[in-house]
Amino acid sequence: MLLWALLLQAGLVYSQSTLLSLSATYGVVSIESPGISIDKRSTGIQAGLEYRFRKRFSFGAELDWQSIGTYPETASPVSPASSKPAVTYQVKTNELNGRILARYYIKKSLKGFYVGVFGNFVFQLTTTDGYPEDGAYPERNSDFSDHIYRGGGLTYGYRFQFNTHLGGHVFLSHYRIWNNNNPDFRRTNHRAGLGLQYVF
């Protein structure tokens, strides 16, 4: 009987300590680089895994896919003496984000209101339309490291339960990313998300 009680208590401690989530996101991305300062819309999907750490803290990881609206950039000739004009072309960007995060819950871990911080690692997939192909313009750099960004930010939101295991959540997040190879380029993301979660 004592053994059964101990096993039951261990199960109760383990249960409700891990959370899986899936969210749809919508946001505004502020893009800053030489000659450009624009805001574009983004949509995405995000999956996360989170573990309870003590009463009000948690830690976890997320994977996030974002599609960012098309925006213009300008290509100038390699030689200033060239008779070729500057050419405006269109850039389309998708991002795969990986995050490590920590959250603080106001009342109890994995439930209710929370605030959190995270580090961000980003791989960008970029395509262009209308970039000039002749030798008067710089070649598009395909170096792998030019597609790698890093950064961090803040998130806050609310988790609610439908029953013991299934629930939902809403959140806002704000973060900035940059690339060491291109220090003049900055991207700031402000996003809202809505999704489902399963606690076990």
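Reply: Start with burial. Of the 200 residues in the protein, 36% are buried. Keep in mind that this is a predicted model.

Me: What do the 8 strands form, and in which order do they run?

Reply: They form a closed barrel, in the order 1-2-3-4-5-6-7-8, and the pairing is antiparallel. On average, neighbouring strands of this sheet are turned by 20° against each other, with direction ignored.

Me: Where should I look for the pairing of strand 1 with strand 8?

Reply: Look at residues 18–33 for strand 1 and residues 186–199 for strand 8; the two run antiparallel and are joined by 14 bridges.

Me: How do I read strand 4 and strand 5?

Reply: Strand 4 and strand 5 pair in the antiparallel sense over 16 bridges. Leu101 has Phe118 in strand 5 as its bridge partner. The two strands form a hairpin with 6 residues between them, and Leu110 in the turn has a positive phi of about 75°.

Me: How many bridges link strand 5 and strand 6?

Reply: Strand 5 and strand 6 share 12 bridges, again in the antiparallel sense. Val122 stands opposite Tyr149 in strand 6.

Me: And how does the sheet continue from strand 6 to strand 7 and on to strand 8?

Reply: Strand 6 covers residues 148–161 and strand 7 covers residues 166–178; they pair in the antiparallel sense over 12 bridges. Phe160 stands opposite Gly168 in strand 7. Strand 7 and strand 8 then pair in the antiparallel sense over 13 bridges. There, Tyr175 has Asn189 in strand 8 as its bridge partner.

Me: What should I keep in mind about side chains in a strand?

Reply: In a regular strand, the side chains alternate between the two faces of the sheet.

Me: Is Gly151 buried or exposed?

Reply: Gly151 is in strand 6. Its relative accessible area is 17%, and the cut-off for buried is under 20%, so Gly151 counts as buried. Gly151 and Ile177 are 26 residues apart along the chain, yet their C-alpha atoms are separated by 4.2 Å.

Me: Is Arg103 buried or exposed?

Reply: Arg103 lies in strand 4. With a relative accessible area of 6%, Arg103 is buried. Its side chain makes a polar contact with the side chain of Glu50, at 2.6 Å.

Me: How is empty space found in a model?

Reply: A probe the size of a water molecule is rolled over the atoms, and this shows where empty space is left. Here the count comes to 3 cavities of 30 Å³ or more.

Me: What lines the largest cavity?

Reply: The largest cavity holds about 50 Å³ of space. Its lining consists of Gln46, Glu62, Arg99, Arg103, Phe118, Thr155, Phe171, Ser173 and Arg191. Strand 4 and strand 7 are the elements that give two or more residues to this lining. By type, the lining residues divide into 2 nonpolar, 3 polar and 4 charged.

Me: How much space lies in the largest pocket?

Reply: The largest pocket has about 760 Å³ of space. It is lined by 26 residues, and the closest to its centre are Glu73, Tyr89, Arg140, Asn182 and Phe185. The elements that give two or more residues to the lining are strand 3, which covers 57–75, strand 4, and strand 5, which covers 112–129.

Me: Which strand gives the most to the lining of the largest pocket?

Reply: Strand 3 does, with 4 residues.

Me: How do the residues lining the largest pocket divide by type?

Reply: They divide into 10 nonpolar, 12 polar and 4 charged.

How values were computed:
Residues are numbered from 1 along each chain as its sequence is written. This is a predicted model: local features need pLDDT of at least 70, side-chain atom pairs count only at pLDDT 80 or more; totals for chains, interfaces and linings use all residues. Side-chain values use heavy atoms; hydrogens and water are left out. Two strands pair if DSSP finds at least two bridges between them. Axes are lines fitted to C-alpha atoms, for helices over the stretch in contact, and angles run from 0 to 180 degrees between N-to-C directions. On a 1 Å grid over the protein atoms alone, a cavity is a set of points where a 1.4 Å probe fits but cannot get out, and a pocket is an open set with protein on both sides within 12 Å along at least five of seven lines; lining residues have an atom within 4 Å of a point. Grid points are joined across faces, edges and corners, and a volume is the space filled by probe spheres set on the points. Ala, Val, Leu, Ile, Met, Phe, Trp, Tyr, Cys and Pro count as nonpolar, Asp, Glu, Lys and Arg as charged, and the others, Gly among them, as polar. Buried means under 20% relative accessible area, exposed over 50%, partly exposed in between (1.4 Å probe, protein chains only). A polar contact is a pair of N or O atoms within 3.5 Å; within protein, one must be able to donate a hydrogen and the other to accept it, and residues adjacent in sequence count only if both atoms are side-chain atoms.
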